[in-house]
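New notebook page. I'm jotting down what I looked up, one entry at a time.

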Amino acid sequence: MTTRVWDYLAEYENERAEILEAVDTVFRSGQLVLGSSVRGFEEEFAAYHGAAHCVGVDNGTNAVKLGLQALDVGPGDEVITVSNTAAPTVIAVHSTGATPVFVDVREDDFLMDTAQVAAAITSRTKCLLPVHLYGQCVDMAPLRELAAEHGLSILEDCAQAHGARHGDAIAGTMGDAAAFSFYPTKVLGAYGDGGAVLTSTDEVEAKLRQLRYYGMEKQYYTVSTPAHNSRLDEVHAEILRRKLTRLDAYTAGRRAVAERYAEGLGDTGLTLPATVPGNEHVYYVYVVRHPRRDDIIEALKAYGIQLNISYPWPVHTMSGFAHLGYGPDDFPVTGKLAGEIFSLPMYPALQADRQEKVISAVCEVLAAL
Ligand SMILES: *Cc1c(COP(=O)(O)O)cnc(C)c1O
């Protein structure tokens with residue numbers, strides 16, 4: 001039996017009655033789109049973060065896109081982000097008509113190197129888009145300083161960092177708005193697609209509600225700016241309400257898995273994930289590093305363990321972004337990491353005995369290298 005890098009089936013068995021009850025609640029409610037479940041989830045997700053507003057949307061990519069548009073990002077603007085991210089971060093920037101501008105990441109924690117941001121700012125820069133990658137927060141203080149100095153907005157990409165903290169601050173409350181994905185694999189996942197944007201500004205909230213709803217202020221009002229249909233689905237919203245009550249428990253489960261890896265793999269020569277001081281990591285993925293990554297993955301195939309690489313191709317090397325004009329070696333840390341990182345199985349319901357098999361297989365393979 002293959003141990004998958006992510007699996008929801010054990011969790012579904014534990015929560016099945018509740019999930020099916022959530023689906024039935026929506027089906028019997030008499031309102032299938034933008035009803036009490038979306039509204040209820042928005043209120044509860046905002047309250048979890050201590051944010052004033054949450055606007056549910058259809059997925060994380062559109063959460064980034066609508067978040068940028070609500071912050072007035074559009075054609076001619078530049079948005080500073082990283083190439084070491086999930087491609088949708090950059091696709092969302094592209095889809096607003098703005099130009100993504102990359103900086104490199106730091107070698108120890110794989111997060112945006114905020115020291116490089118000042119040099120990337122031009123007269124066209126409109127927004128900073130840090131990605132709280134793999135489950136921990138980018139250091140936001142230097143970004144907030146730069147934003148204040150240059151009159152820029154900040155959108156946090158929180159698609160991998162539900163509930164992650166830096167000091168007293170929770171991811172999603174450290175910029176002008178924050179985009180979340182509820183894609184099933186995420187730390188808070190729906191049973192299909194979903195997303196949300198948090199903001200504490202009334203004006204941004206009003207724009208988001210309009211942007212996700214064709215550009216209308218209310219149902220059957222006229223359209224001032226033609227926009228999108230990016231509504232969060234009622235069924236997923238109701239499931240997410242139930243799952244939100246367990247978010248901290250899921251994170252505790254992920255941390256327990258991470259601790260077992262740290263104990264079992266500490267002396268193997270693998271570089272294990274480093275938590276930035278002051279950060280509370282939520283381990284969306286468990287990314288390790290080794291110069292002989294490809295040999296390790298090849299050898300582990302025989303053990304029935306699925307491994308992932310997040311991400312094998314930095315966005316600036318993808319043919320779809322060739323028009324940005326970057327060379328393959330422009331971001332040396334990002335480039336080096338892409339050849340050395342891989343992710344071990346990580347999800348809260350990963351059973352300890354299965355994880356022990358992963359650990360012993362990795363130990364065997366590394367000892368034989
Ligand atoms: C998953 C992800 C997205 C996109 O979310 P979808 O719900 O799949 O559209 C955006 N940014 C990051 C960093 C992600 O990990």
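Entry 1: Is H49 buried or exposed? I found 6% relative accessibility for H49, so H49 counts as buried. (My cut-offs: buried is under 20% relative accessible area, exposed is over 50%, partly exposed is in between, with a 1.4 Å probe and protein chains only.) H49 sits in helix α2, residues 36-49. Next I listed what H49 touches, leaving out residues up to four places away in sequence: I170, A171, T173, F180 and L198. Touching here means a contact, with heavy atoms within 4.5 Å.

**Entry 2: ground rules.** I have to remember that this is a predicted model, where local features need pLDDT of at least 70 and side-chain atom pairs count only at pLDDT 80 or more, while totals for chains, interfaces and linings use all residues. Residues are numbered from 1 along each chain as its sequence is written, and side-chain values use heavy atoms, with hydrogens and water left out.

**Entry 3: the whole thing.** I counted twelve helices and twelve strands in the protein. These are DSSP runs numbered from the N terminus: helices are H or I with at least four residues, strands are E with at least two. The radius of gyration is 21 Å, close to the 21 Å from the globule rule for 369 residues, so the protein is as compact as a globular protein of that length. (The radius is taken over C-alpha atoms, and the rule is 2.2 Å times the number of residues to the power 0.38.) Along the principal axes, the C-alpha atoms fill a box of roughly 65 × 55 × 40 Å. Buried residues make up 56% of the 369. I also checked contacts between residues at least 6 apart in sequence, and 71% of them join residues at least 24 apart.

**Entry 4: two domains.** The domain assignment gives me domain 1 (9-103 + 111-244) and domain 2 (247-368); such bounds come from an automatic or database assignment. Their centres, taken over C-alpha atoms, are 25 Å apart.

**Entry 5: helix α4.** Which residues of α4 (residues 87-95) are buried? I get A87, T89, V90, A92 and V93. What do they pack against? My list has α3 (60-70), β2 (78-82), β3 (99-103) and β5 (153-157). After α4 comes G97, with a positive phi near 95°.
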